[in-house]
Amino acid sequence: MGDSETGPVSADGALRPVPRRGSELVLLAAGLVTVAATLLTASLSVTGGAEPVLGLYLAVLCAGALSLHLLLRRVAPYADPVVMPVATVLNGLGVTMIWVIQTTRAATAGEHGDADRQVVWTVVGMALCAAAVVAVRRPQRLTMYTYVIAGAALLLLLLPLSPLGHEVLGARRWIGLGPFTMQPSEFAKVLLVLFLASYLGRRREVMALVTRTVRVGRLKVFSVPRARDLAPMAVGWGLAILLLVGTRDLGTSLLLFGTFLAVLYAATARKSWVLIGLVAFSAGAYAAYLMFGHVRNRVDIWLDPFDEEVYSRPGGSYQIVEGVFALAEGGLTGTGFGGGAVQEVFAADSDLVLVSVGEKLGLTGLMAVLLLLLILAERGFRIALGSRDWFLKLTALGYAFLTAFDVFIVLGGATLLIPLTGMTAPFLSAGGSALMANWVIVGLWLTIGETARRPRAGGAERDPATEAFRTRALPPPPPEARPG
């Protein structure tokens, strides 16, 4: 049996899906060779030789990726073959950039503690991905725990407000666990998408059809849902946003609110709801501007970053301006891993990791990385299109939009398209919480894709496009062709 998209046609005309783990193995091998070449080039450029620690990083990444591949062959043979290799490549490139930035900093020359930790978090993230694939064999059953999932997400968002939480740079996002810190909102967003998809999967038809129309005279302005249909979802999501605002995690608030509108529109096809959401978000953003000094500071930096007063004051625009100059310095082909000065900019390996890629590898390398991120999001949307169950469809779509919108927020902030929010790029930025949460999303994508393509017990699974063509509504025959 080959690795094409579908197998042979059966007697009843159904296209049989086939496992594509062979394609996955080819892509994974190509990706690991790419990571190996990148690590070797970085080592030669920065230190002039082959650093043994980079060989250890590569061995750990290869072992984890191949273990996941073997697990998928046994447990989820019909899962998407592209998602895991692309995530592995991005993870490897992220480890490379973190090592380069730390090694080239004068104050930490020869040290690579954060890179070591990132590799440890990679192993934990891959283990969580494997756990998601094994434990969630029937993802539809998650709909039985809709409100439990919502409660768990809200509990995670409350943790930074507890004695475990601590504030960094005006935001109270983290909790301390011994020598480690964790950002609970990264895991909460995974659960909140599940809650939203579960609720809308059951109520989407009612929310799309049963509405109240707001009119001005005879002119229809927009439609709004009934309060009893919207209330459970609005209360859960509203509390989550308020908790994020309370902890000053405004970047995650923007990310989740955008995802909420995208999934809501996909479920109901009501454009008026998106308009209402944008108006509500604008009002909330203005309220945050009035309430929080660091939000006003971010807006001032965005509006006039090159103003001397804004540039030189504490917490001013130095970081973003130096990042813009680093992107310009990279040009088309980059300064190389050993060149440039982006490593001197604060958060060059986390919030501004895409800027670091742009300086070291140039516009060419940055576009290649963005293309990998685009492919990852595209496969998520593809999994959503292939799913028949609305809960699975909305879940996969929510995670795909979450990934794509996250990249937009990160790169938009770094290039002054929007205010900088302190978000991290998926799989690339330093930090264990975001990395582990993204690997959990990969695991859920894999199990949803497996569920969508797995042949039914009673016979072969029909191809979605063929089935839609077979069951589409046809016009009635002309009178002369009707019997009798």
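A salt bridge here is a side-chain nitrogen of Lys or Arg within 4 Å of a carboxyl oxygen of Asp or Glu. The structure is a predicted model, in which local features need pLDDT of at least 70 and side-chain atom pairs count only at pLDDT 80 or more, while totals for chains, interfaces and linings use all residues. Residues are numbered from 1 along each chain as its sequence is written, and side-chain values use heavy atoms, with hydrogens and water left out. A search of the whole structure finds 7 salt bridges, including those in the views below.

**View 1. Salt bridge between Asp-300 and Arg-313.** The closest N and O atoms of the pair are 3.6 Å apart. Asp-300 belongs to helix H10 (residues 293-303) and Arg-313 to the loop between helix H11 (308-312) and helix H12 (318-330), so the contact ties together parts 13 residues apart in sequence. Helices (H or I, at least four residues) are DSSP runs, numbered from the N terminus. Asp-300 is partly exposed at 31% relative accessible area, and Arg-313 is partly exposed at 27%. Buried means under 20% relative accessible area, exposed over 50%, and partly exposed in between (1.4 Å probe, protein chains only).

**View 2. Salt bridge between Glu-24 and Arg-21 in helix H1.** The N to O distance is 3.0 Å. Both residues lie in helix H1 (residues 21-47), 3 residues apart, about one turn of the helix. Glu-24 is buried at 0% relative accessibility, and Arg-21 is buried at 2%.

**View 3. Salt bridge between Arg-117 and Asp-114 in helix H4.** The closest N and O atoms are 2.1 Å apart. Arg-117 is partly exposed, with a relative accessible area of 42%.

Note on methods. Helix = DSSP H or I, 4+ residues; strand = E, 2+ residues; numbered from the N terminus.
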